[in-house]
Amino acid sequence: MKVLVTGAAGFIGMYVAQRLAQRGDTVVGIDNMNDYYAVRLKQDRLKVLEASAGFSFVYRDIADADALSRLFAGEKFDCVVHLAAQAGVRYSLSNPAAYIQSNLVGFGNMLESCRHHAVKHLVYASSSSVYGENAKMPFSEGDCVDHPLSLYAATKKSNELMAHSYSHLYRLPTTGLRFFTVYGPWGRPDMSPILFATAIMKNEPIRVFNHGQMQRDFTYIDDIVEGVIRTLDQPAQPDPAFDRTKPNPATSNAPYRIYNIGNHQPVALLTFIDTLEKALGKTAVKEMLPMQPGDVPATYADIEALQKAVGFAPSTSLDIGLARFADWFRTYYTPTFL
């Protein structure tokens with residue numbers, strides 16, 4: 001296939017593009033290389049991708065509708081994996097405009113380009129953050145997600161609704177994947193693994209919110225990529241069992257699907273820190289803090305639907321995943337860089 005991967009210089013985007021190229025697909029990656037976090041990290045990810053035969057990169061901002069349309073017209077993509085977005089819950093509190101522009105305007109442009117250029121399947125990143133105030137565990141795709149706790153979460157919920165309208169109106173197959181706390185080598189520096197590891201190695205205190213009373217469904221990057229690829233290869237179909245009197249939010253009589261993609265095994269934050277300490281061989285100094293605005297106390301993915309659909313099952317334990325992360329961290333974040 002010829003596949004467009006947006007956000008190709010991002011954490012998940014790099015791995016997805018690499019995996020697709022390695023299996024023989026022609027992959028075009030795009031990214032606007034914004035400075036939300038260190039551009040150097042994005043550039044270094046692209047250097048890894050440039051070693052993959054069949055991969056090419058185009059600098060592009062998805063908020064530029066005309067430029068995106070020209071790209072689609074010229075390349076004639078079979079499928080799209082849309083991972084570009086303004087990420088981060090806390091950043092959305094101080095920079096809401098960035099989320100409106102990238103996650104709403106940009107996603108609308110992506111849907112329009114897919115519609116007008118006969119794309120066979122659009123797989124896009126949603127987020128576990130859409131569950132918001134929902135306290136029922138584990139989180140199921142059939143749960144109500146009408147109470148987001150951050151603008152970031154609201155934009156991801158909006159993406160799901162926008163996708164459904166295009167699936168319904170134009171029969172565009174769309175699949176949304178609600179990612180649960182992805183970690184691993186080449187991860188985002190605003191996420192806890194790198195924040196914690198950097199502080200530990202510099203003998204600085206790590207900030208532990210909600211006094212450590214948090215749980216996250218930490219999911220290793222290889223497991224995420226496996227789920228993304230399997231989903232891409234099975235375009236969404238109308239659900240023959242869809243009941244309009246009792247509609248399932250995750251399916252439709254249009255070619256539309258929503259899936260959780262997580263480890264299905266929530267881990268206490270203090271357990272995560274303890275495992276990271278062992279992987280780094282160094283003890284953390286902990287600064288206990290109250291809950292941050294926009295955060296949720298726990299995430300826990302029900303992945304039964306994805307398992308039934310594509311046979312997805314995570315296989316990487318936390319100790320193995322963090323050991324691999326720590327090996328990469330020691331190599332990439334040298335003492336002088338820290």
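**View 1. Buried residues of helix α1 in a predicted model**. The residues of α1 that are buried are F11, I12, G13, M14, Y15, V16, A17, Q18, L20 and A21. The helix is thus described as mostly covered, with ten of its twelve residues buried. Buried here stands for under 20% relative accessible area.

**View 2. Length of helix α1 and the residue after it**. Helix α1 covers residues 11-22. From its first C-alpha to its last it reaches 17 Å, close to the 16 Å expected at 1.5 Å a residue. G24 follows α1 and has a positive phi, near 110 degrees.

**View 3. Strands β2 and β3 with the helix between them in the chain**. Strand β2 (residues 26-31) and strand β3 (residues 55-59) run parallel and are joined by five bridges. Opposite F55 in β3 stands V27. To get from β2 to β3, the chain passes through helix α2 (residues 39-50), and this β-α-β crossover is right-handed.

**View 4. The second largest pocket**. Its volume is about 260 Å³. The pocket is lined by 19 residues, and the closest to its centre are L161, H164, N248, P249 and Y256. Helix α6 (151-170) and strand β11 (256-261) each supply at least two residues of the lining.

**View 5. Make-up of the lining of the second largest pocket**. Five residues of this lining come from α6, the largest share. Sorted by class, the lining holds seven nonpolar, six polar and six charged residues.

Conventions:
Residues are numbered from 1 along each chain as its sequence is written. This is a predicted model: local features need pLDDT of at least 70, side-chain atom pairs count only at pLDDT 80 or more; totals for chains, interfaces and linings use all residues. Side-chain values use heavy atoms; hydrogens and water are left out. Two strands pair if DSSP finds at least two bridges between them. Helices (H or I, at least four residues) and strands (E, at least two) are DSSP runs, numbered from the N terminus. A crossover is right-handed if, with the strands pointing away from the viewer, the path from the first strand over the helix to the second runs clockwise. The expected span of a helix is 1.5 Å times one less than its number of residues. Buried means under 20% relative accessible area, exposed over 50%, partly exposed in between (1.4 Å probe, protein chains only). On a 1 Å grid over the protein atoms alone, a cavity is a set of points where a 1.4 Å probe fits but cannot get out, and a pocket is an open set with protein on both sides within 12 Å along at least five of seven lines; lining residues have an atom within 4 Å of a point. Grid points are joined across faces, edges and corners, and a volume is the space filled by probe spheres set on the points. Ala, Val, Leu, Ile, Met, Phe, Trp, Tyr, Cys and Pro count as nonpolar, Asp, Glu, Lys and Arg as charged, and the others, Gly among them, as polar.
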